[in-house]
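Dear colleague,

Please find below the structure that I am handing over to you. My notes on it follow directly after.

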Amino acid sequence: MRAPARGSNAITERMIQPEDIRRKAENLYPEYLRAWLDGDGAFFPRLIPSCRTPDSDDLRAAIQAVRRLREGSKEVIGFGYTVQWQEINSRKFGRNQFPARILFEAEGDFLRFIGKQREFDVFTDAVSRLRAAFPPLENWLRSNVRALIEAAADLDGLLRVLRFFHDNPRPNCFARELPLPVDTKFIERYQGLLRGWFDAVLPPHTIRADEEHFERRYGLRYPEMHLLLRLLDPALEQELGWPCSELSLPLHTLGVIPVPADLAIIVENKINLLTLPSFPRGIGLGGLGHGAVVLRYLAWLNNMRVVYWGDLDTEGFEILSSVRAIFPHTQSFLMDHEALGRWERLAVSGTGRKPDIPAHLTDTEQRAYLRCRDENLRLEQERIPHDGVLSEVRCLGGLD
């Protein structure tokens, strides 16, 4: 490259120094790890592109820059970068040796220079063990180099966990009950990594692919959320033989109890749930916010009318849409354009979020959603007068 003319606005590149070479080498390290995974034996020798001409008109400063480059090289310290020198007779600097090429000749020189030799040894050992034990992890290895390095100290425990789940899929016990020599928080700490391993190694039929929750996805027990259930019909209480009309049960326990109702009203606000009036063959369920997707485990909801009642705001409509994605026959309650217009005076400011329209809304729900979003409105369900709620509940018997 031609040097810029004196007095020009161009910036002259500084002659490379040991700290610059270290920075370039550190940036090369992830690339070398990927090359090693690929079995690329041509990575070294590795040329380091650089400016190799002193940038100062000061001969003493130029000599010092060249000296620092030499003193940091393999020639002096025994490892690291190699400088191939070339004698040049320069009008500016006279006859002197200048660097012609700077390169790392071998892996050991490179790794010792950046202080990664031990880390690299740990990494290659971990890769070799994983490849030998579980070949399906190859794609995971290539996409998660740093995660493997960070977890390498616990590789023995991680492999034991993976082997156990491979041999005993969906064990249906708490993680602390697994017969493994790991601490009780081990699986929790490594959930992200183990999810990648389990998805790659375990038989597909042992994984609930539609479930993001780690324990539910792989068949572990966990402290389940409890759902509040209200029987809105005294006849149902007698029919089921339950000692009360209100109870809280673990999700999966409630899922296996046959509930012979005709209508289920899912209500986000607890007080609103507890003040729902009687309704023939009706039940009320406590809402779970954005966790409402767990309602999929209540399969009996497919056999009855489902009504969702949440806040009139962007979040409430998002939850409604997620419930309807699971139960397409879900109808909303007091969540349409008419309800918003009727009680608009009771609305407060929303969160200011402006997400896209959720996928599973009716036309009148979309109109209400757009007003809530664009005008930043939030009509909380508990603000709606109770007599208005009672009036609307009485109309539920006329739902199609």
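T253 is partly exposed, since its relative accessible area of 35% lies between the limits of 20% and 50%. This residue belongs to helix α13 (residues 251-255). From T253 to P358 the separation is 105 residues in sequence and 31 Å in space, C-alpha to C-alpha. Please note that the model is a predicted one.

Among the buried residues of α1 are I21, L28, Y29, Y32 and L33. Just after α1, G39 adopts a positive phi of about 70°.

As to the aromatic residues, the structure contains 20 aromatic pairs. One of them is F43 with F44, an edge-to-face pair with 5.1 Å centre to centre and 70° between the planes. F43 counts as buried at 4% relative accessibility, and F44 counts as buried at 14%. The rings of F317 and Y369 have centres 6.0 Å apart and planes at 90°, so this pair is also edge-to-face. The pair links distant parts of the chain, 52 residues apart: F317 lies in helix α15 (residues 314-326) and Y369 in helix α17 (residues 363-374). F317 is buried at 0% relative accessibility, and Y369 is buried with a relative accessible area of 0%.

Ring pairs also join residues into a cluster, including Y32, W36, F43, F44 and Y81. R46 lies over the face of F43, 4.2 Å from the ring centre. The charged end of R70 sits over the ring of W85, at 4.1 Å from its centre.

Yours sincerely

Notes: Residues are numbered from 1 along each chain as its sequence is written. This is a predicted model: local features need pLDDT of at least 70, side-chain atom pairs count only at pLDDT 80 or more; totals for chains, interfaces and linings use all residues. Side-chain values use heavy atoms; hydrogens and water are left out. Buried means under 20% relative accessible area, exposed over 50%, partly exposed in between (1.4 Å probe, protein chains only). Helices (H or I, at least four residues) and strands (E, at least two) are DSSP runs, numbered from the N terminus. Rings of Phe, Tyr and Trp (its six-membered ring) pair if their centres lie within 6.5 Å; planes under 30 degrees apart count as stacked, over 60 as edge-to-face and the rest as tilted. A charge sits over a ring if NZ of Lys or CZ of Arg is within 6 Å of the ring centre and within 35 degrees of the ring normal.
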